[in-house]
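Subject: Structure handover

Hello,

Please find the structure below, followed by notes on what was found in it.

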Amino acid sequence: MLRLRYSEWEISSIEDSKPEEVMIEVTTLCNYSCIHCFRNNMFNESLGIMSEEVFNKVVNELGSIGVKKVVFSGWGEPLTHPEIINFLKKVKDLGIYVVLNTNGSLLSKYADDIYRLDVDEIVISIDSVETDVYESIRVGGMLSDVVKGLLRINDLRGYGIKPILTLWFTMNTINFNDIVRIPSYARNLGFSRVVLSHTIPLSREHEEAIAIYSNTDLTSKLTEVFDKLSKEVLAVGGHISVSRNKPVVERLCPFISNRALFIRWDGYVTPCIHYAHNWRYTFLGVDRYVYAVKFGDLRREKLIDIWRKFDYIHFRFRSTFFTQPSCLDCTLATYCTYTISNIHDCWGNSPTCAHCPYSHNITRCPI
């Protein structure tokens, strides 16, 4: 049992603590080159695919721990992995709830296998209902390919429930006019859930050009749009999840609150998708560097031992109660040297989540 102190309080971690959800990144390769993709700004990193040896180790660990949910997602397109169907089957054979997060381009190729394996949920990123707009954002992709796969999935499931379909829409100034059309579009293609998220810009120029949250006129309109869409979706029994337009002090980490962790393609265990790799981005006019936060390596360690390491427990404690500053709404953010990376913050935390846009719910986390 590990005891942690904060001010006059002492809190103990439970002895049988274990992760309940795991996000597995089977590859960092992708057949798209989206304008907002984090991969465009990675540094000191190599791309690759998860080996069968590493994946088999992951599966053995999942089974021994009793993980309840696995999300196939990450910094690449899962369906490009040559062993993806085999990987999905191995996890489903454990009786685990499986979510596949995909751009949908290869869905028609694998639809029958995915249905046969009884995959529980598919999350598909569709950033426009217009072909030309979609292809200007998701470079290298074709909306017609995605729709073809969706139609096949709907044919297979008929009046069944699984797989549940979730439409993920990353909002920007290019597709702003499509937002109001998303509910009807989603309903026609069999989606029961819609998630609307702001983008994380890759540079200051990128933020000025495509970020909605930094555009006062658009955020005002977006508030009205969100209200309209929420009523429309709820009226037909659907589910819609929207992001905030500005930072708030009250924060929540989806990975921490779900007792989830992230496994990279190379076997390293990280706390979340945001801190899985080295990359840089811009948010609210501040350029920031993210350095990968690694708590262990599954090629050499057991997952449960990594989860129960002191440093990882301490990290989860600080992120659960957010005993960290809030950099995104701090008046000193544009001058502060602490906020330019996740290495440390002005409260002495290292690493820090003080400027994570996911915790402020401005961008939606895929866990």
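What share of the contacts in the protein chain with a separation of 6 or more comes from residues 24 or more positions apart? The share is 73%, where contact means heavy atoms within 4.5 Å.

Before the rest, the conventions. This is a predicted model, in which local features need pLDDT of at least 70 and side-chain atom pairs count only at pLDDT 80 or more, while totals for chains, interfaces and linings use all residues. Residues are numbered from 1 along each chain as its sequence is written, and side-chain values use heavy atoms, with hydrogens and water left out.

Overall form

The protein chain has eleven helices and 14 strands; these are DSSP runs numbered from the N terminus, helices being H or I with at least four residues and strands E with at least two. For 367 residues, a compact globule would have a radius of gyration near 21 Å, and the 20 Å of the protein chain agrees with that. The radius is taken over C-alpha atoms, and the globule rule is 2.2 Å times the number of residues to the power 0.38. Along the principal axes, the C-alpha trace spans about 55 × 50 × 40 Å.

Surface, charge and core

The accessible surface of the protein chain is about 16,000 Å², with 51% of it belonging to carbon and sulfur atoms; areas come from the Shrake-Rupley method with a 1.4 Å probe, and for residues only the protein chains shown count as cover. There are 40 positive and 42 negative side chains, and the centres of the two sets lie 3 Å apart. Lys and Arg count as positive and Asp and Glu as negative, with His and the chain ends not counted; each charge is placed at NZ of Lys, CZ of Arg, CG of Asp or CD of Glu.

Of the 367 residues, 56% are buried. Buried means under 20% relative accessible area, exposed over 50%, and partly exposed in between (1.4 Å probe, protein chains only). The largest nonpolar core holds 108 residues, and Phe-72, Ile-114, Ile-126, Ile-179 and Phe-255 touch the most other members. Such a core is a set of buried Ala, Val, Leu, Ile, Met, Phe, Trp, Tyr and Cys residues joined through side-chain atoms within 4.5 Å. Leaving out residues up to four places away in sequence, Phe-255 touches, among others, Met-23, Pro-271, Cys-365 and Ile-367.

Backbone points to check

Most residues other than glycine have a negative phi, and most peptide bonds are trans. The bond from Lys-162 to Pro-163 is cis, with omega near -5°; Pro-163 lies in the loop between helix H5 (143-157) and strand E7 (164-171). The bond from Ser-350 to Pro-351 is also cis, with omega near -5°, and Pro-351 lies in the segment after helix H11 (310-321).

Arg-259, in the loop between helix H9 (254-257) and strand E10 (260-263), has a positive phi near 50°. Arg-259 counts as partly exposed because its relative accessibility is 29%. Phe-322, in the segment after H11, has a positive phi of about 45°; with a relative accessible area of 11%, Phe-322 is buried.

Around helix H5

Asp-155 is in helix H5 and is exposed, at 58% relative accessibility. Gly-190 lies in the loop between helix H6 (182-188) and strand E8 (193-198). Not counting residues up to four places away in sequence, Gly-190 touches Asn-154, Arg-157 and Leu-165.

Regards
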